[in-house]
Structure formats: C-alpha cells, structure tokens
Amino acid sequence: MQRIDLLVAGFGPFPGVRVNPTTRLAGAIAARLRHSGLRVRSLVLETSYAAGLPALAQEIETTRPRALLMLGLAARARHVRIELFARGRSSSLHPDVTGRAATGAATGGCPALPTRTTGRPQGALAHLRRHAIASRPSPSAGRYLCDASYATALRHAAMAGRPVLFVHIPWLRPAAGTRPTKRVAGFRPRTERLTAALAAIGRNLAITGR
C-alpha cells in the first residue's frame, strides 16, 4: 500500500455512548482533505483494549502515515481539548465496549511515564479559535482507551518523529431541523464548523509530516 499523508482515527460506541460522534467526524474530515489532493484514510477503532489497540498498531504499520490525527469524545467536557500528553495508564474501573477492564497486557505494557504530543498544540488551538470553537490544552487524556491509543500511536516505531495529535471533543450541537428535548448548551460546537477546523488541523499535520 502506498504511504498515506494522514490517518484520521475516531472511535465506535462505548458504555453509555451508543453513537460516538467521532465516528462520523473522522470520515468527514478525511473526505474533505482528499479533495485537497492529500492521501488520507479514516479509521474507526473498536473501543476495546483487545481489538482497538492492535487495530491501530496494524493500521500504522500498513499505511505508515506521515501524520496522525486522533479524535475522542469527552462527554462531560465544555470545550474541545488538545491533549498534550499520553501516559498509557488505564483504569480498571472503566470497562470497554466488551465489558472488560484494562490490564497490563491489554494496554501493551505501556509505562506510566508521559509521552508528549509530537503535533503542534498551539497551532491546533489557533485553528479552533479561528472557527469560534471553545478550546484549551489539556494535560491528561484520561485513563481509558483514548489515552491508551494515544500512547500506542506516540510510541509506535513507524511514528517516530511524525506529528501525532489527539483531540477530545464535547457533544456536538444537534443537526439543523432536529428538535432537542432540552436547551442546547452554547459551548457545544456545530458539526460543520468543527469539521472545518479539524480538517485544517489535519492538513497542517500532514504538511508538517512530509
């Protein structure tokens, strides 16, 4: 397979979340960037330690992306978070979509020492704010599949020196024409606006990785 410029990864459902918005976002961003001439693939990871992490590693080995943009849902967040570190520490209190909790083997035996993003956090924040999306840097990607997958990507040999960035998003605004049952919080970003901002971030990652 020809080496790609950018891999955009999102996640599938997990306990408490039947429809993960990053599933559609990953595909929409990839489609948008292909029109600009970039070689881009989207990947939806099963939210499980046994399947999701090996699938990410296999995709990286197969496509050898020049850059990687990862998307996760932070359901309680009030802003988009640019994750600065991955620690590879997962909590046994939060089961994955299969009902299993993390173990040392499931997380690839990643040490607890933090690994810093190789993307450009300030540039990503600038794109988000340019699109009027509430955002901020975050020192922790949590203790679930998001952090475990971030650590997997940053520590993968094929990504050495390549830009990798993880972005946590809050719930999105309902689509136009729908009738929400309660008032929609102002911090929830519109899908179209967030897609445009994330595509700009992905494009910069791909260009940096060349």
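Me: What order do the strands of the open sheet take, and what is the pairing?
Reply: The order is β2-β1-β3-β8-β4-β7, and the pairing is mixed. A strand here is a DSSP run of E, at least two residues long, numbered from the N terminus. This is a predicted model, in which local features need pLDDT of at least 70 and side-chain atom pairs 80 or more, while totals for chains, interfaces and linings use all residues. Residues are numbered from 1 along each chain as its sequence is written, and side-chain values use heavy atoms, with hydrogens and water left out.

Me: Why do β2 and β7 stand at the edges?
Reply: β2 (40-45) and β7 (135-138) each have a single partner strand, so one side of each has no neighbour in the sheet. Neighbouring strands of this sheet are turned by 25° against each other on average, direction ignored.

Me: How do you know that β4 and β7 pair?
Reply: Pairing takes at least two DSSP bridges between two strands. Strand β4 (residues 80-83) has 4 bridges to β7. Therefore they pair. The two run parallel. I82 stands opposite P137 in β7.

Me: Which strands does helix α3 touch as it packs on the sheet?
Reply: Helix α3 (residues 121-130) touches β4, β7 and β8 (164-169). A helix is a DSSP run of H or I, at least four residues long. The direction of α3 makes about 160° with that of β7. Helix α5 (residues 191-209) packs on the sheet too, touching β1 (6-11), β3 (68-73), β4 and β8.

Me: Why is α3 called roughly antiparallel to α5?
Reply: Their axes come within 9 Å and cross at roughly 155°. Axes are lines fitted to C-alpha atoms, for helices over the stretch in contact, and angles run from 0 to 180 degrees between N-to-C directions. Angles over 145 degrees count as roughly antiparallel. That makes α3 roughly antiparallel to α5.

Me: Which residues meet where α3 and α5 come together?
Reply: A124, H127 and L128 in α3 meet L194, A197, A200, I201 and N204 in α5. Contact means heavy atoms within 4.5 Å.

Me: What percentage of the residues in the protein is buried?
Reply: Buried means under 20% relative accessible area, with a 1.4 Å probe and protein chains only. By that cut-off, 50% of the 210 residues are buried.

Me: How many helices and strands does the protein have?
Reply: The protein has 5 helices and 8 strands. Along the sequence they follow β-α-β-α-β-β-β-β-α-β-α-β-α.

Definitions and conventions
Angles under 35 degrees count as roughly parallel, over 145 as roughly antiparallel, 65 to 115 as roughly perpendicular and the rest as oblique.
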